[in-house]
Amino acid sequence: LAYLFSCSMREKAVRELLTRHCQLLETPESWDKEAFLTQKLCVPAEWIHEAKAVRAHMESDKHLEALYLFKAGHWNRCHKLVIRHLASDAIINENYDYLKGFLEDLAPPERSSLIQDWETSGLVYLDYIQIIEMLHHIQQVDCSGYELEQLHAKVSSLCNRVEQIQCYNAKDRLAQSDMAKRVANLLRVVLSLQHAPEATSDSTPDPQRVPWRLLAPHVGRLPMPEDYALEELRSLTQSYLRELTVGSQ
């Protein structure tokens, strides 16, 4: 027991020293010091990363704190920090690659299975970004009906999940609203591609002429701000009236 106690005390002392003396600025000198600690003294690299995460927290650097929490293997804490402090800014500024970098690294089942609220937080953001990328790719090349059907299923699912994102402040609500508006447009574009007219000289798909019955059930679930919700309602009403007019002719 005395040996175990001394080991735990030794670990605590080493961790405290690392936290006290580690630096966030990476230089050749700092790399040499870390290599000496890990290779010569057999200090676990995770201890160094955790010390840097503590230092970043003390300096209010959320990006580096999340980065070093990830490197230290603290998947749940990293995810929580990304969602609470980094995700909304990335969505509002359309800095998708930045947010995707964190979320894709957390996504493997051996990590995401240990993350609280992954299905209703990180995964929703990741699916949102990947759907935008998929649609961009499909619009650049000829795609099959199967690919469009897959994309339609993903967008429809996302319509039901955007509202599950927990908002902690006004910025989070703004980001959620931006996502809702973008998802509504994505659904409209996907449906217009699925129901495009036969190839003719004037057969460009028109997102504004999508059958209202295909849009309404999904758009109604999106947490959009009142002005945009009214705009969507107006658009759906116009689509409905257009279909009635065509049907009566």
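The points below go from the overall fold to the cores, the rings and a few loop residues.

1. **Ground rules.** This is a predicted model, in which local features need pLDDT of at least 70 and side-chain atom pairs count only at pLDDT 80 or more, while totals for chains, interfaces and linings use all residues. Numbering starts from 1 along each chain as its sequence is written, and side-chain values use heavy atoms, with hydrogens and water left out.

2. **Overall fold.** The protein has 12 helices and zero strands, where helices (H or I, at least four residues) and strands (E, at least two) are DSSP runs numbered from the N terminus. Of its 249 residues, 37% count as buried; buried means under 20% relative accessible area, exposed over 50% and partly exposed in between, with a 1.4 Å probe and protein chains only. Taking contacts (heavy atoms within 4.5 Å) between residues at least 6 apart in sequence, 66% join residues at least 24 apart.

3. **The largest core.** A nonpolar core here is a set of buried Ala, Val, Leu, Ile, Met, Phe, Trp, Tyr and Cys residues joined through side-chain atoms within 4.5 Å. The largest has 54 residues, and Leu 99, Tyr 125 and Tyr 128 touch the most other members. At least two residues of this core come from each of α3 (45-58), α4 (62-71), α5 (75-92), α6 (96-106), α8 (122-140), α9 (145-161) and α10 (170-194). Domain 1 (38-73) and domain 2 (75-194 + 209-225) each give this core at least three residues; the domain bounds come from an automatic or database domain assignment.

4. Which residues does Leu 99 touch, not counting residues up to four places away in sequence? They are Val 82, Ala 87, Ala 90, Ile 91, Tyr 125 and Ile 129.

5. **Aromatic pairs.** There are three aromatic pairs in the structure. Rings of Phe, Tyr and Trp (its six-membered ring) pair if their centres lie within 6.5 Å; planes under 30 degrees apart count as stacked, over 60 as edge-to-face and the rest as tilted. One of the pairs is Phe 70 with Trp 75, tilted at 55° between the planes and 5.2 Å centre to centre. Phe 70 is buried at a relative accessible area of 16%, and Trp 75 is buried at 18%. Another is Tyr 98 with Phe 102, whose planes stand at 85° with the ring centres 5.6 Å apart, so this pair is edge-to-face. Tyr 98 and Phe 102 are four residues apart in helix α6, which means that about one helical turn separates them. Tyr 98 is partly exposed, at 26%, whereas Phe 102 is buried, at 9%.

6. **Arginines over rings.** A charge sits over a ring if NZ of Lys or CZ of Arg is within 6 Å of the ring centre and within 35 degrees of the ring normal. Arg 84 lies over the face of Tyr 168, 3.8 Å from the ring centre. Arg 111 is placed over the face of Trp 75, at 4.6 Å from the ring centre.

7. **Trp 118.** Not counting residues up to four places away in sequence, Trp 118 touches His 79, Leu 103, Leu 106, Ala 107, Ser 112, Leu 123 and Leu 126. Trp 118 and Ala 107 are 11 residues apart along the chain, with 8.7 Å between their C-alpha atoms.

8. **Helix α2 and Cys 42.** Cys 42 lies in the loop between α2 and α3, and its phi is near 60°, positive in a residue other than glycine. Cys 42 counts as exposed, at 59% relative accessibility.

9. **Glu 94.** This residue lies in the loop between α5 and α6. Glu 94 is not a glycine, yet has a positive phi of about 55°. At 53% relative accessibility, Glu 94 counts as exposed. Glu 94 and Asp 178 are 84 residues apart in sequence, and their C-alpha atoms are 9.9 Å apart in space.
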